[in-house]
Amino acid sequence: MAESLNCAQVISAACSLGLDRLDAQLLLLHVLGKPSSERAWLITHDRDPLPPKVSEGLRLLIQRRASGEPLAYIVGQQEFFGLPLAVDPRVLIPRPDTETLVSWALDVLPKGCAAKVLDLGTGSGAIALAIKHACPTADVSAIDASADAVTVARGNAGALGLAVSIEISPWFEQVNGLFDVIVSNPPYVREGDPHLTALGHEPIQALTAGKDGLNDLRQIIAGAPAHLQAGGWLLLEHGYDQAEAVGQLLREQGFESVSSRDDLAGIQRCTGGLFGGLNQHLRNGIKSA
């Protein structure tokens with residue numbers, strides 16, 4: 001880019017390469033060291049010439065975005081439930097649809113007490129940290145099988161000043177105690193799904209779960225009764241066409257009040273159930289097996 005280009009011109013050049021205008025603006029703000037909330041500044045300073053170093057830095061970022069690299073990885077941050085989270089290719093990028101799972105968890109948390117919450121497969125820590133931020137009295141724990149993901153999640157917890165216990169564990173392997181609410185956004189994409197092409201920059205192990213995408217969901221549903229209080233909830237995110245299958249798996253495991261909630265697009269994105277007192281024998285049977 002020429003040294004004389006101003007803000008408006010570099011954004012226009014980025015759009016000509018196929019970038020969304022919003023992406024171009026956010027990349028420019030990132031290079032300028034300004035927060036994403038300063039888009040209005042770009043409008044009022046759209047004729048300001050950019051220093052050569054800024055122009056060159058922006059050119060490199062535009063190339064990365066044009067090649068398909070997610071914006072969140074380029075700028076190193078993604079907002080989720082109002083919280084700024086650091087993200088990189090070690091973890092999935094939190095999606096707005098997953099906020100449905102957080103809202104549901106907050107709805108069922110026992111009121112007026114220090115409820116115990118477990119987030120399985122926490123990744124960046126998005127779900128666990130959002131719950132803790134919205135309900136400071138909750139005792140929130142999170143696990144992930146990936147040591148890299150745990151490092152990212154712990155960094156986010158520290159940066160946000162949120163006291164969440166985050167440990168390494170393949171699902172329930174290292175989990176002890178009983179919880180009032182267990183939440184999870186596990187891998188649920190079918191192996192070979194054409195949508196994986198657009199997700200090539202994100203960790204594949206956090207996306208796919210067997211030929212039908214239900215391998216991890218089955219494992220979580222089977223293991224959850226041993227870790228839920230009577231009257232506790234298991235809430236799960238899943239694929240756009242998996243609500244019926246997940247609901248059936250929950251009912252087969254003895255969960256009650258099984259239902260689903262829609263995401264922002266009106267698609268059934270989360271399904272959950274209540275582990276009722278009548279099902280206490282399930283946990284006792286698991287412990288004695």
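Modeller: Helices and strands are DSSP runs numbered from the N terminus, a helix (H or I) having at least four residues and a strand (E) at least two. The model is predicted, so local features need pLDDT of at least 70 and side-chain atom pairs count only at pLDDT 80 or more, while totals for chains, interfaces and linings use all residues. Residues are numbered from 1 along each chain as its sequence is written, and side-chain values use heavy atoms, leaving out hydrogens and water.

Phe-81 sits in the loop between strand S1 (77–80) and strand S2 (83–86). Although Phe-81 is not a glycine, its phi is positive, about 50 degrees. Most residues other than glycine have a negative phi. Phe-81 is partly exposed, at 28% relative accessible area; buried means under 20%, exposed over 50%, and partly exposed in between, with a 1.4 Å probe and protein chains only.

The part to examine closely is the region around strand S4. Strand S4 covers residues 139–144 and includes Asp-144. Strand S4 pairs in the parallel sense with strand S5 (residues 165–168) over 4 bridges, where pairing requires that DSSP find at least two bridges between two strands. Ala-142 stands opposite Ile-166 in S5. From S4 the chain passes through helix H8 (residues 147–160) to S5 in a right-handed β-α-β crossover. Right-handed means that, with the strands pointing away from the viewer, the path from the first strand over the helix to the second runs clockwise.

Asp-144 is buried but has no salt bridge, and Arg-154, the nearest side chain of opposite charge, is 11 Å away. A salt bridge is a side-chain nitrogen of Lys or Arg within 4 Å of a carboxyl oxygen of Asp or Glu; Lys and Arg count as positive and Asp and Glu as negative, whereas His and the chain ends are not counted. Beyond its neighbours within four places in sequence, Asp-144 has contacts that include Gly-121, Val-150 and Glu-167, contact being heavy atoms within 4.5 Å.

Arg-154 does form a salt bridge with Glu-167, with the closest N and O atoms 3.1 Å apart. Because Arg-154 lies in helix H8 and Glu-167 in strand S5, this pair ties together parts 13 residues apart in sequence. Arg-154 is partly exposed at 43%, and Glu-167 is partly exposed at 40%.
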